[in-house]
Structure formats: C-alpha cells, structure tokens
Amino acid sequence: MSLDVSEFRIEKRRAEAELTLTMGVAITGCFFLSGLRATFAGPERIADLLNAEGGFFPFEVHGESSPYTVICNRSQLVLVTLLDVPVEAQADPGYSVAKEREVRIVLSTGRTVHGRVRIYRPTGRDRLSDYAREPEMFRYIETGDRTLIVNSAHIVEMQETSEA
C-alpha cells in the first residue's frame with residue numbers, strides 16, 4: 001500500500017499552550033510550528049506564527065475527548081500562556097541586551113498581568129511608550145514562572161511599575 005504524500009507537505013512540530021479568548025474562555029492545546037523561521041535562524045516560535053499574518057491559524061484543542069483542530073481568529077485571541085517552551089522569548093536576537101521594564105498590564109478581559117517586557121530599541125528610545133508603538137501585534141511578557149504572549153490590540157492600559 002502506498003501513501004500519497006504531497007511534495008508540498010511541510011513537517012510541523014507541536015507547541016503546547018493555553019489560549020485566552022475575548023469571551024474569557026481558556027482552551028489548552030497546541031500550535032503547529034515550522035522547523036524554520038522565515039526571518040531568523042532557528043525554529044518558528046508561537047509569536048512568529050501569530051505575527052506572520054492576520055486572520056486565522058490552526059490550533060489543536062485538547063478536550064475531554066480526543067484532540068481536534070479548530071481554526072482561531074487572531075483578533076479574538078487575547079493572551080497565550082506558553083506551556084511547552086517557557087523560554088521562547090529568549091530566542092530573540094538581542095534579548096540579553098534589550099532594556100527590561102517591569103510592567104502592569106490591564107487586558108480587555110479585565111485580567112491584570114504583572115511581568116517584564118524587553119524593549120529592542122536604541123538607548124533613549126527604549127521607554128515603555130516606545131514599546132507601545134512597536135508594530136508587532138503579539139508580544140512577550142515574562143512573569144515569575146511563565147512566558148505569555150499578549151495581543152496588543154487587547155491591552156487597555158500599561159504602567160511601568162519599577163526600574164528593571
């Protein structure tokens with residue numbers, strides 16, 4: 001028996017995460033990621049996938065029954081909690097030299113997140129207000145024990161809480 005495999009098939013790896021949607025529902029499952037990033041060396045990360053384009057992305061939901069795949073609308077995604085690779089943000093070029101800011105962020109769901117953001121800007125242009133104007137829609141926030149990816153369209157308020 002022969003298997004018909006397309007020459008255009010791209011192998012994907014799964015990355016565990018919890019999604020928080022605009023309606024306040026949290027779902028656990030995994031993203032399907034490519035082995036290579038289009039912009040930098042290394043494997044694709046969840047933030048790379050979310051920032052690559054608008055519209056929808058596939059997500060495998062781990063429910064009470066067997067896993068199933070849904071197509072999620074990026075605009076309805078408020079927050080991603082990384083479960084598989086909590087240090088994903090550290091793969092950013094310049095991570096170790098980027099300005100770190102302690103922040104308090106209020107999301108459109110009413111949830112408040114306390115954590116650290118990294119600002120990849122030249123000295124003097126590395127304020128929280130500069131971070132707020134960055135073009136990436138989905139951004140990392142590192143908390144004490146987790147890495148989150150927040151949809152900036154759902155940030156209601158940001159405040160710096162102390163110097164990092």
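**Exercise 1.** Is Phe 31 buried or exposed, and what is its relative accessible area?

*Solution.* The model is predicted; local features need pLDDT of at least 70, side-chain atom pairs count only at pLDDT 80 or more, and totals for chains, interfaces and linings use all residues. Residues are numbered from 1 along each chain as its sequence is written, and side-chain values use heavy atoms, with hydrogens and water left out. Buried means under 20% relative accessible area, exposed over 50%, and partly exposed in between (1.4 Å probe, protein chains only). Phe 31 has a relative accessible area of 0%, so Phe 31 is buried.

**Exercise 2.** Find how many aromatic pairs there are and classify each.

*Solution.* Rings of Phe, Tyr and Trp (its six-membered ring) pair if their centres lie within 6.5 Å; planes under 30 degrees apart are stacked, over 60 edge-to-face, the rest tilted. The count is two aromatic pairs.

Step 1: Phe 31 and Phe 57 are stacked, with 5.4 Å centre to centre and 20° between the planes. Phe 31 belongs to strand 2 (residues 26–34) and Phe 57 to strand 3 (residues 56–61), so this pair ties together parts 26 residues apart in sequence. Strands here are DSSP runs (E, at least two residues), numbered from the N terminus.

Step 2: Phe 31 and Phe 59 are edge-to-face, at 5.0 Å centre to centre and 75° between the planes.

Step 3: ring pairs link Phe 31, Phe 57 and Phe 59 into a cluster.

**Exercise 3.** Which charged residue lies over the face of Tyr 95?

*Solution.* The criterion is NZ of Lys or CZ of Arg within 6 Å of the ring centre and within 35 degrees of the ring normal. Arg 118 lies over Tyr 95, at 3.9 Å from the ring centre.

Notes. Helices (H or I, at least four residues) and strands (E, at least two) are DSSP runs, numbered from the N terminus.
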